[in-house]
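Subject: Handing over a structure, with notes

Dear colleague,

I am passing this structure on to you, and my notes on what was found in it follow below. Please read them with the structure open beside you.

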Amino acid sequence: MFEAFIILRSGDSNTIPNPSERLHGAIISLLTLDFDVGKVHGENRVRFALSPIYSMKNFKMVRKFKKGERYFFRFASTENELGKALGFVLAMHPLIFLANSAFEVEEFYLADEFSVDPGSMNTLYFVSPVTFRISKNVNLPLPDPERISKGLSRVLGKEVSLPPIKEIAGCSKSISFSHHTVIGFVGLLKFSRSFEHFNILNFTGVGYSTARGLGSTLVNGIVPLQKNVKELREGMMEVAEERCRG
């Protein structure tokens, strides 16, 4: 399992209506240069979570970019080879093109070693909108614990039941795609006690379309040993806390 943060610098000023969708396409294209396309695209793909793009200034999602400004995105998976492949192709091809804009890859930070405190895994931070597909073209834009439990059970290959919810705090947020907009929940979901099986959600995300910017999730109690990943992760969690408490 790994968690990576990629720092970008914008080459020009531009508004990109669907940056998450564009980023997904760019990352898939890059990965297939050094990775089996069947493992990153399609029904049998490796599980991974690709976040939207955030500003380095305030850790908020953006679609209006300014020349010279720095941005970042998060990429996580249960498959370590995927992180190594992305690091390799970005070293060889350090430009990411989104629409008509070029972003220079300035830094690539990856953590594949973590300090895990099973007794602290009681809170899920949804740092990008989480939603669940309940029928064709119909989504549930809430962190439904029953659906989280079902999804977690599928990933683990066994049935699990979540602890009771202690607190939920957050708001609605949208992500735009080419032909539609998806609304989801950002914030936190705190449970009455720790639940060790939450750890995998830190690397797979929660809900629908986690490979295209939705459902990026940070699990309390998981601490990357890589310093930069740890600091960026803590910044995202602080923003989530402020959103909920403020």
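Helices (H or I, at least four residues) and strands (E, at least two) are DSSP runs, numbered from the N terminus. Please note that this is a predicted model, in which local features need pLDDT of at least 70 and side-chain atom pairs count only at pLDDT 80 or more, while totals for chains, interfaces and linings use all residues. Residues are numbered from 1 along each chain as its sequence is written, and side-chain values use heavy atoms, with hydrogens and water left out.

The chain as a whole

The protein chain has six helices and 16 strands, and its C-alpha atoms fill a box of roughly 45 × 35 × 35 Å along the principal axes. The radius of gyration is taken over C-alpha atoms, and the globule rule is 2.2 Å times the number of residues to the power 0.38; for 246 residues a compact globule would come near 18 Å, and the 17 Å of the protein chain agrees with that. Of the 246 residues, 49% count as buried, where buried means under 20% relative accessible area, exposed over 50%, and partly exposed in between (1.4 Å probe, protein chains only). Taking contact to mean heavy atoms within 4.5 Å, 74% of the contacts between residues at least 6 apart in sequence join residues at least 24 apart.

Helix H4 and its surroundings

Helix H4 (residues 145-156) has twelve residues and reaches 16 Å from its first C-alpha to its last, close to the 16 Å expected, the expected span of a helix being 1.5 Å times one less than its number of residues. At the N-terminal end, Asp144 caps H4, with a side-chain oxygen 3.1 Å from the backbone nitrogen of Glu146, and after the helix comes Gly157, whose phi is positive, near 75°. Which residues of H4 are buried? They are Ile148, Ser149, Gly151, Leu152 and Ser153, and they pack against strand E10 (123-130), strand E11 (132-135), strand E14 (181-191) and helix H5 (201-204).

Strand E10 has eight of its eight residues buried, so it is largely enclosed by the rest of the structure. Two strands pair if DSSP finds at least two bridges between them; E10 runs antiparallel to E14, with five bridges joining them, and Tyr125 has Leu188 in E14 as its bridge partner. E10 also pairs in the antiparallel sense with strand E15 (residues 217-219), over three bridges, and here Phe126 stands opposite Thr217.

Helix H5 holds Thr204, which is buried with a relative accessible area of 7%. The C-alpha atoms of Thr204 and Ala49 are separated by 5.3 Å, although the two are 155 residues apart along the chain. Not counting residues up to four places away in sequence, Thr204 touches Arg47, Phe48, Ala49, Thr78 and Thr210.

Other residues to look at

Glu3, in strand E1 (residues 2-10), is buried with a relative accessible area of 0%, and its side chain makes a polar contact with the side chain of Asn202 (3.5 Å). A polar contact is a pair of N or O atoms within 3.5 Å; within protein, one must be able to donate a hydrogen and the other to accept it, and residues adjacent in sequence count only if both atoms are side-chain atoms.

His24, in helix H1 (residues 19-31), is buried as well, with a relative accessible area of 14%, and, leaving aside neighbours within four places in sequence, His24 is in contact with Leu50, Ala211 and Arg212.

Finally, most residues other than glycine have a negative phi. Phe59, in the loop between strand E4 (54-55) and strand E5 (64-65), has a positive phi near 60°, and at 18% relative accessibility Phe59 counts as buried. Ala99, in the loop between strand E7 (95-98) and strand E8 (101-111), has a positive phi of about 55° although it is not a glycine, and Ala99 is partly exposed, with a relative accessible area of 35%.

With best wishes
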